[in-house]
Amino acid sequence: MTASGAAGSGVPHLDVDPFDMTFLADPYPAHELLREAGPVVYLDKWNVYGVTRYAEVHAVLNDPATFCSSRGVGLSDFKKETPWRPPSLILEADPPAHTRTRAVLSKVLSPTVMKQVRDRFAAAAEERVDALLEQRSFDAITDLAEAYPLSIFPDALGLKPEGREHLIPYASVVFNAFGPPNELRQQAIERSAPHQAYVAEQCQRENLAPGGFGACIHAQVDEGAITASEAPLLVRSLLSAGLDTTVNGIGAAVYCLARFPDQWQRLREDLTLARGAFEEAVRFESPVQTFFRTTTREVELSGAKIGEGEKVLMFLAAANRDPRRWDEPGRYDITRRTSGHVGFGSGIHMCVGQLVARLEGEVMLTALARRIAKIEITGEPKRRFNNTLRGLDSLPVTITPA
Amino acid sequence: MPAIMFIHADGRPDRVETSGGESAMQAATRHGIDGILAECGGNAMCATCHVYVDESWLTRLPEMADDEDALLDGTAAERRPSSRLSCQIKITPELDGLVLRLPERQV
Ligand code: HEM
Ligand code: FES
């Protein structure tokens, strides 16, 4: 990896591939190289611009008229290539279309709705800890980070019990597909047909239980907010983005608390820190590492001239550890003031499911810290490779009851 | 620059100097006022920057938008007629001396 100043443009060109295995295994040295190379860089491998500092990532996220989403938030430009699936009506849309669909999902996942599901989510977290205390030694990814969201989210959506094993593989395809045409993406798409068929089926009104998030989205058709053909695609957004993200979010939090026992101790002494401990894990690990935008016009960003129709890769994870914005960014500190981190994005597309994620994280960490004295890592953690998501495949641990 | 006053839930006052064009939430977080969480960073998506506006100031604030109104229904502490989201209150010179009371809890 080398940084060389390109003549004329002033934008440094780098031969870093942010989607190769070495990068994905340990992105931090490359993040630093990119951050220090300049406010805007050019990645020759995929012919895209990149922003890694907090200020520029925040600026791009908050100027959706210039840095649009409707041409895809992955490398593929929907103006030049056919998307691998019908585009999302919210993630891959710009105002005014986005404004309308966003209002629907905001209502379905509002703070008021969170109050209604809170007790149920908390009870399921307690049940999960009951089971873990019986096991003592287990895989913190499969048995905790996956098992917990799987025990509540599909039910909250109103999904049928059959076929749920497609959910995580489907999400994994979606997040791999934002990446470049590398092996991760190609393999994921090749194997996606059965998962896509399952998801398309579950998004239909008749397959969603009354009272769930899915049924609430369809009910918006009756209110005239969306059309009957739009509703299934909005349900699809929750199936794509609502499960694997929280699996990696909870996995990140448990991995942090197991690695930094002083922080675990602080949490045990003050359970009100649980929500902050989860939020800090989202900053520290950034389960969603990157998203792209496409320029709608020529624009100058921190002195760099970018033409129309260019892809800009935003490194959320690098912004979340930019020393220009954060004190001791490489430290996991559950009492940190995390407000402003971009782990959930920022601006009009900022995660519409953030309240669901925080609720799951808070109640799960509270239940763990109340009843477990110690979490010890007992084997080599294994990484799960994905073009967009950062998380583990397995984390063997042993717990000591409180 | 205008200054605003936060009154903590226990009655303790905290005077905060604001800087140009920022919101009451931004002023609070910059000064480490821990009664404001602001989990969404000011995007009007979380309702954890809830404040009660002092009665005498209520009518002097710009009207709230529909999304703020909807979010306020989900605040952790009770919603009152004086409830606002501090990230949606932009501090202008006319708001010098604004008094905002912090609720018992934000989540
Ligand atoms: C820790 C967990 C999560 C993380 C880190 C995360 C991260 C993100 C990020 C970074 C974005 C911004 C995308 C962009 O700017 O292009 C986003 C958007 C979105 N998220 Fe999440 N998310 C999480 C959980 C969830 C959950 C639980 C749901 C659903 C219940 C969800 C649904 C969505 C949707 C539908 C969007 C698109 C919003 C829009 O374009 O307006 N996410 N998320
Ligand atoms: S900071 Fe989230 S609503 Fe104000």
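This is a predicted model: local features need pLDDT of at least 70, side-chain atom pairs count only at pLDDT 80 or more; totals for chains, interfaces and linings use all residues.
What is the volume of the largest pocket? It comes to about 830 Å³, where a pocket, on a 1 Å grid over the protein atoms alone, is an open set of points with protein on both sides within 12 Å along at least five of seven lines, and lining residues have an atom within 4 Å of a point. A volume here is the space filled by probe spheres set on the grid points, which are joined across faces, edges and corners.

Residues are numbered from 1 along each chain as its sequence is written, chains are lettered from A and ligands numbered from 1 in the order in which they are written, and side-chain values use heavy atoms, with hydrogens and water left out.

Back to the largest pocket: 30 residues line it, and those closest to its centre are A:T272, A:L273, B:D34, B:L37 and B:V107. Helix α14 of chain A gives the most to this lining, with 4 residues.

A:E279 is buried, with a relative accessible area of 3%, buried being under 20% with a 1.4 Å probe and protein chains only. Leaving aside residues up to four places away in sequence, A:E279 touches A:T338, A:H341, A:F344, A:R358 and B:E39, a contact being heavy atoms within 4.5 Å.

Turning to the interface, chain B brings 20 residues to the contact and chain A brings 17 residues. The area buried between the two chains is about 1,300 Å², with 48% of it from carbon and sulfur atoms; buried area is the accessible area (1.4 Å probe) that two parts lose on being put together, summed over both. B:E39, B:N43 and B:M45 supply 43% of what chain B buries against chain A, more than any other three residues.

Finally, the iron atom of ligand 1 has a single protein donor, A:C351 (SG), 2.3 Å away; donors are N, O and S atoms within 2.8 Å of the metal (3.2 Å for Na, K and Ca), and water is not among the atoms, so sites may look incomplete. A:C351 is also one of the residues closest to the centre of the largest cavity, whose volume is about 770 Å³, a cavity being a set of points where a 1.4 Å probe fits but cannot get out.

Terms used
Buried means under 20% relative accessible area, exposed over 50%, partly exposed in between (1.4 Å probe, protein chains only). Helices (H or I, at least four residues) and strands (E, at least two) are DSSP runs, numbered from the N terminus.
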